[in-house]
Amino acid sequence: MNFFEFTVGTVGTVRALAQRALKKAAARPFIDTDDPVRRTVSILHPPALDLVVSDVFEHGPDGRTFRLVPTGGKGDRLPPFRAGQYLSIKGTWGGACVSRPYSISSAPYEALLATGGYYEITVKRQSDGLVSPHIFSTWQKATRVSASGPHGEFYHEPLRDAGDIVAIAGGSGITPFLSMAREIIHGDMEARLVILYGVRTMDEALFEKELIRLAGVAPDRLRVCYVVSEPDGTEKCATGFIDEGLIKKEIGDISDKSFFVCGPQALYAFFNSEAQKLTIPRRRIRWEVSGPNRVIGAHPAFPKKATGREYALVVYLDRGQKTVPARAEEPILVALERAGIAADSRCRSGQCGICRAELISGEVFIDPENDARRRVDKEYGFIHSCSTYPVGDCTIRIVSPEVLTG
Amino acid sequence: MNHDGVSHSSFDESTDVVVMGSGMGGLSAAAKLAREGVGVTLLEQNNMPGGFATSFRRGRFEFEASLHILTDYGPAENKGFVRKFFEDELNLGLPMIRVDQGYHLILSDEEIDVDVPFDMDGFIDVVASEVPGSFKALRQYMNLCLEIGRAIDYIAEADGNPDPMVLLKNHKSLLATAGYTAKEVTDRFHIPPKAVSILGVFWPYIGIPFDRMSFTIWATAINSVLTRGCYYPPINSFQISTALDKKIRELGGRTYYSTRVEKILVDRGKIIGVQTNGGRRIRADWVISNASPTTVYGRLIHPAHAVPRAAKRLTAARKNGISLFVVYMGLDRPAHELGLTHHEYYLGPDMDTQKAYDIGDMLVPHIATSALCPNHVVPGVSPPGTCELILNQSYGADVWGQVSPDDYFETKRRFARAAVGHVERTIGTSLFDHMEEIESAAPQTFCRYTGSHKGVVYGYEHDVWDSVIPRALSLPLEGYIKGLEFVGGHGLLVQGYSAAISTGRLSALTIMGKMKRKSRFTE
Ligand SMILES: Cc1cc2nc3c(=O)[nH]c(=O)nc-3n(C[C@H](O)[C@H](O)[C@H](O)COP(=O)(O)OP(=O)(O)OC[C@H]3O[C@@H](n4cnc5c(N)ncnc54)[C@H](O)[C@@H]3O)c2cc1C
Ligand code: FES
């Protein structure tokens with residue numbers, strides 16, 4: 001007599017109850033796998049998006065907006081997003097499998113239009129860059145684009161943020177705010193927005209007409225203030241920088257306002273010191289992730305011995321291993337990409353954790369301004385490869401799904 | 001090719017046991033197998049281990065995703081099975097912190113506002129002083145819970161294969177009460193109603209009405225929390241996941257992340273392997289599933305007609321357990337400044353479990369809420385000058401499925417606003433004014449990260465007919481496909497970390513037992 005036979009004999013009540021339940025189920029002995037929760041998840045967070053360029057809009061020589069629609073046409077829907085989120089654009093360029101994040105400049109309501117939703121991203125050409133010049137030279141109507149779903153935490157959350165938003169924008173950092181402005185004017189986002197847009201010259205300003213038009217619709221909900229740092233005297237707007245004085249003048253009372261900052265890295269350091277002078281509480285400032293530090297070698301903590309060096313990076317994949325060269329002043333992620341290893345990445349700013357890898361041995365420099373690793377990862381030797389730099393020969397292990405490494 | 005079209009020779013690699021899913025159950029099973037020298041390959045769809053046992057960052061805060069307290073760990077001199085497993089069997093090197101503070105229970109309509117400690121004598125004393133005249137009945141009741149706890153310990157210690165004579169002789173009360181609900185058994189003790197309400201502080205662990213809930217699982221939950229104290233890892237639950245994951249590889253196991261099992265290949269009623277989303281086929285005679293029977297029998301078994309009718313019948317008869325709505329907050333003041341004096345709160349109007357359950361079955365903001373302020377237990381959990389507060393509410397498995405994708409963010413926000421407001425008012429604190437980060441997780445979130453069916457967190461409901469004893473009875477049913485075992489929240493015991501760990505370890509032992517028997521036959 002085993003345990004089961006024994007309990008069958010002993011626990012008659014339970015047995016009877018179980019049989020009753022099973023009998024009831026026997027009337028419909030099929031497993032209900034219908035799962036609306038899973039369906040919602042697959043709409044909200046698809047593993048990848050196949051998109052196609054449906055329109056291109058020029059903004060001067062170095063700015064271009066691409067309208068992206070689902071490849072399936074109008075029947076296909078796009079995941080909803082929140083104004084301020086970005087897409088990670090994936091592609092293979094010159095043998096390298098790379099990704100780049102681009103904020104969605106169109107409004108959330110436009111993604112859901114019954115007549116055919118779309119996202120727009122606005123790309124500024126970086127002449128010394130890799131991906132943006134490629135996008136400029138190869139993307140046109142009908143170009144296929146692969147992207148992640150919308151990601152990022154840079155959006156207005158009414159439970160946390162003030163209803164009055166002050167946007168501190170620089171250069172192409174205007175894009176998330178254009179999305180917010182459009183959503184506010186459309187009436188789908190309850191907030192008031194003042195954009196302080198820092199540009200070198202007015203020529204550099206993106207979406208000038210569009211922003212003026214939108215502000216004209218509802219001046220009580222949207223105001224745009226340009227701040228030109230290299231004025232030629234013809235400007236009718238403010239000149240100089242978005243500093244304490246300008247903020248006091250344009251914004252007045254800063255209490256109960258949420259500041260959202262997006263732009264080039266120099267803007268972050270600058271605004272940070274101005275914010276301290278203004279004593280803006282920390283919870284009232286939201287920073288968009290800023291991308292990799294472009295001059296990591298100049299970071300005071302960067303080991304000088306590694307400047308200009310290249311090291312050997314041994315990469316353990318799920319199956320097998322590879323040794324690839326890795327430049328000290330480039331993130332480990334870039335070394336993987338240059339070698340054509342499709343490691344997953346998204347924010348490229350050390351924040352999202354998708355590029356997590358195990359550091360098995362070797363010396364690395366982790367950008368302290370872009371180190372958003374979790375405490376356990378720090379303790380157990382995991383890194384975010386997009387914000388970690390090899391400063392000696394290194395061995396890492398990465399998650400290498402077959403579907404990605406192919 | 002065999003008759004199901006699966007070629008036995010078309011495998012890319014092979015292993016002894018495939019473990020599907022790296023929740024606490026899967027990780028424990030894989031670690032135990034690797035420890036015993038069995039070839040094990042762990043496959044996880046997410047890019048890192050843990051399932052629910054994880055954490056995430058928002059701004060300068062890091063939030064624990066799920067763990068409140070770890071039970072069945074125990075002090076060095078009275079180790080629980082989790083501690084024995086981690087320390088003595090796996091040598092995991094993961095010291096735990098003891099959680100000294102118990103619950104703060106506020107039931108506003110019943111005028112209950114009381115601190116209940118996590119130890120048996122302390123608990124009884126507190127209730128007795130709150131509810132004069134309850135001491136004797138409560139003591140007797142708790143003694144029964146202790147007996148049930150000892151019986152469950154015995155089953156665990158016998159590695160799932162207890163001696164019936166020992167059970168009959170030493171653990172009669174387990175068998176005597178197994179056919180009754182928590183309400184039926186509790187009523188017999190004539191404990192004053194207010195004391196019963198205080199006991200209800202353990203209700204969220206099970207989450208179904210008292211008059212349906214199996215007494216066994218109820219007593220097990222009470223016993224786990226009150227006899228061996230409660231513990232917490234020095235950092236968070238992701239530490240347990242990471243330590244186990246590393247241990248598995250250290251012991252020679254293989255782990256593949258961002259790899260989903262799409263098919264469990266069955267031939268003539270027996271497991272022959274699995275196929276992944278990348279199309280790779282891994283040959284194995286055994287599969288341990290951390291995914292629920294609903295998912296496995298309903299979607300993964302290939303060919304589908306290999307699912308035995310009895311397995312379908314059982315799965316169809318079971319009721320999905322609850323899921324949760326969780327609000328994670330990072331606040332820009334220390335806990336004491338906000339008057340958050342306790343590690344964990346349970347806040348509700350009363351302890352009407354049927355009412356709470358019914359509300360949870362509708363798409364309306366819940367009132368019964370638990371609130372966790374981890375700063376009291378985990379040093380450095382948030383930056384200096386800040387604290388975290390995490391709210392939990394339970395919802396039926398079918399509630400959040402009603403929310404359309406376009407309404408999803410707004411619905412989450414509406415529910416979060418209601419939950420935070422409710423907690424502000426009940427505790428008398430100010431949260432909105434100090435909100436630096438807020439994130440909420442709905443069943444959709446859990447489904448996304450763990451793949452769980454409908455985002456269910458609590459396995460199947462522990463109805464009397466489907467609790468520990470009957471599940472032990474139905475184990476052979478689940479074994480209808482030879483080589484397939486289940487671990488985790490829908491396993492034998494109450495849902496939760498220690499139960500998942502225990503089911504993982506037991507499934508490894510079960511498989512090793514069967515392997516031995518098989519090799520004896522073939523020798
Ligand atoms: C959240 C977020 C939102 C953003 N939104 C926008 C936006 O709306 N609009 C916009 O214009 N920009 C946006 N950006 C910036 C954008 O992602 C790109 O950084 C920018 O377009 C420049 O990319 P690039 O490849 O042209 O230049 P870089 O990234 O500067 O390219 C040069 C870099 O490429 C790498 N590299 C060079 N050669 C190779 C090779 N062979 N293989 C692999 N790697 C190589 C090297 O690391 C080198 O440093 C955003 C950034 C972030 C983080
Ligand atoms: S890509 Fe986001 S952390 Fe590296």
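Two strands pair if DSSP finds at least two bridges between them; helices (H or I, at least four residues) and strands (E, at least two) are DSSP runs, numbered from the N terminus.

## Basis of the model

This is a predicted model, in which local features need pLDDT of at least 70 and side-chain atom pairs count only at pLDDT 80 or more, while totals for chains, interfaces and linings use all residues. Residues are numbered from 1 along each chain as its sequence is written, chains are lettered from A and ligands numbered from 1 in the order in which they are written, and side-chain values use heavy atoms, with hydrogens and water left out.

S2(A) and S5(A) run antiparallel and are joined by six bridges. Within this pairing, Arg64(A) has Val123(A) in S5(A) as its bridge partner. Five of the six residues of S5(A) are buried, so the rest of the structure largely encloses this strand. Buried here means under 20% relative accessible area, exposed over 50%, and partly exposed in between (1.4 Å probe, protein chains only).

Helix H5 of chain A (residues 131-138) has Val131(A), Ser132(A), Ile135(A) and Phe136(A) as its buried residues. They lie on the same side of H5(A), because they cover an arc of only 140° around the axis, taken from the directions from the helix axis to the C-beta atoms. These buried residues pack against strands S2 (63-70), S3 (86-93), S4 (96-103) and S5 (119-124) of chain A. Contact means heavy atoms within 4.5 Å.

## Nonpolar cores

A nonpolar core is a set of buried Ala, Val, Leu, Ile, Met, Phe, Trp, Tyr and Cys residues joined through side-chain atoms within 4.5 Å. The largest one has 110 residues, and those with the most contacts inside it are Phe86(B), Phe123(B), Tyr141(B), Met142(B) and Trp218(B). Helix H4 of chain B (residues 135-157) gives the most to this core, with 13 residues. A second, separate core has 51 residues, among them Ala167(A), Leu178(A), Ile185(A) and Leu206(A).

## Helices H4 and H9 in chain B

H4(B) packs against helix H9 of chain B (residues 215-227) at an angle of about 95°, with the axes 8 Å apart. That makes the two helices roughly perpendicular, a term for angles of 65 to 115 degrees; under 35 counts as roughly parallel, over 145 as roughly antiparallel and the rest as oblique. Axes are lines fitted to C-alpha atoms, for helices over the stretch in contact, and angles run from 0 to 180 degrees between N-to-C directions.

Residues of H4(B) that meet H9(B) include Tyr141(B), Met142(B) and Leu144(B).
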